Amino acid sequence: MESHVNAKRLFNHATTLKLHTGNLVNRSRLKKCPASPPSEELQDCIQGTLSEWFAAMPSSLDSELPSVLDCTIPENTEAITPEEREELKVSVKLFLTEAHRSSIRSAVDMACLSLGVSQLDSVIIAPPPLPEGEVQTLTHLQPLWEELESLVQSQKIAAIGTSDLDKTLLEQLYNWAQIKPSSNQVNLASCCVMPPDLTAFAKEFDIQLLTHNDPKELISAAGFQEAVQGSSKDLQVADWRLEWVLRYSIIVKSRGIIKAKGYIVHAKKGSDH
């Protein structure tokens, strides 16, 4: 089939993949089945978006192949209009696979561009998973937090938050940070009850404690490659690595309902950093 040949040519030539799933609230197939775990949902969405994108490709390609594949299905994506912006809250959680400060800026820029906004209401950062036996420290968080702070200063983000910090680390970050965390997400799987010391600290310093059910690693390298592989046959996926995943939700403030949610994914080919 022509589209498979084209998909393969494009994919083999490209060195960067940007993918936006579009609004999942409108995706009827997701409505029919019960909510799947975050990792499965993401894998499904990557595979589905790529399949759709490849299928919609023109049969003849320009001789000049792009190095950046921008996989977005325009009809699945609606930008927020200036008229409705006031009514909506745009919340983001950014899952980093690598501890690159530059990823934070490019993810925030891409989210603003894709959603048609100049500022995100809140960004929660999930730092990259650490090697077995290593523990998250303030030193790991500082460069990432500084990048978030500069995005608040340039008015790209209104509020910034953290994920899975215990009381000690949250307190260390709070005392060090110029712009304080406004929220901290706690994984429900790891504790059904909020730790009392964390609750007391958060209350005293006006930090909102939220819950989540995301796994430590939102999608594994193998899971990502499998999703890409599943979208079109004969794709060479071994050299591709995921850099970050951004999940957004757009909430109608007055009614508390989700108007849109989706993922933006960024991957690179080759092992050069």
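Modeller: Buried means under 20% relative accessible area, exposed means over 50%, and partly exposed lies in between (1.4 Å probe, protein chains only). The model is a predicted one, in which local features need pLDDT of at least 70 and side-chain atom pairs pLDDT 80 or more, while totals for chains, interfaces and linings use all residues. Residues are numbered from 1 along each chain as its sequence is written, and side-chain values use heavy atoms, with hydrogens and water left out.

Biologist: What makes phenylalanine 11 count as buried?

Modeller: Its relative accessible area is 1%, and the limit is under 20%, so phenylalanine 11 is buried. Tryptophan 240, with 3%, is buried as well.

Biologist: How many aromatic pairs are there, and why is the pair of phenylalanine 11 and tryptophan 240 called tilted?

Modeller: There are six aromatic pairs. Rings of Phe, Tyr and Trp (its six-membered ring) pair if their centres lie within 6.5 Å; planes under 30 degrees apart count as stacked, over 60 as edge-to-face, and the rest as tilted. Here the ring centres of phenylalanine 11 and tryptophan 240 are 4.9 Å apart and the planes stand at 35°, so the pair is tilted. The pair links distant parts of the chain, 229 residues apart: phenylalanine 11 is in helix H1 (residues 2-13) and tryptophan 240 in strand S8 (residues 240-252). Helices (H or I, at least four residues) and strands (E, at least two) are DSSP runs, numbered from the N terminus. Ring pairs also join Phe11 and Trp240 with Trp53 and Phe54 in a cluster.

Biologist: Why is the pair of tyrosine 174 and phenylalanine 201 called edge-to-face?

Modeller: The ring centres of tyrosine 174 and phenylalanine 201 are 5.9 Å apart and their planes are at 90°, so the pair is edge-to-face. Tyrosine 174 belongs to helix H7 (residues 167-176) and phenylalanine 201 to helix H8 (residues 196-204), so the pair ties together parts 27 residues apart in sequence. Tyrosine 174, at 15%, is buried, and so is phenylalanine 201, at 4%.

Biologist: What lies over the face of tyrosine 174?

Modeller: Lysine 180 does, at 5.0 Å from the ring centre. The rule asks for NZ of Lys or CZ of Arg within 6 Å of the ring centre and within 35 degrees of the ring normal.

Biologist: How do you know that strand S5 (residues 157-163) is largely enclosed?

Modeller: Five of its seven residues are buried, so S5 is largely enclosed by the rest of the structure.

Biologist: What makes S5 a partner of strand S4 (residues 120-126)?

Modeller: Two strands pair if DSSP finds at least two bridges between them. S4 and S5 are joined by five bridges and run parallel; serine 122 stands opposite alanine 159 in S5. S5 and strand S6 (residues 183-187) have three bridges and also run parallel, with threonine 162 bridged to asparagine 184 in S6.

Biologist: Why is serine 91 called buried?

Modeller: Serine 91 has 15% relative accessibility, and therefore counts as buried. It is part of strand S3 (residues 88-96). Beyond its neighbours within four places in sequence, serine 91 is in contact (heavy atoms within 4.5 Å) with Ser122, Arg247, Tyr248 and Ser249.
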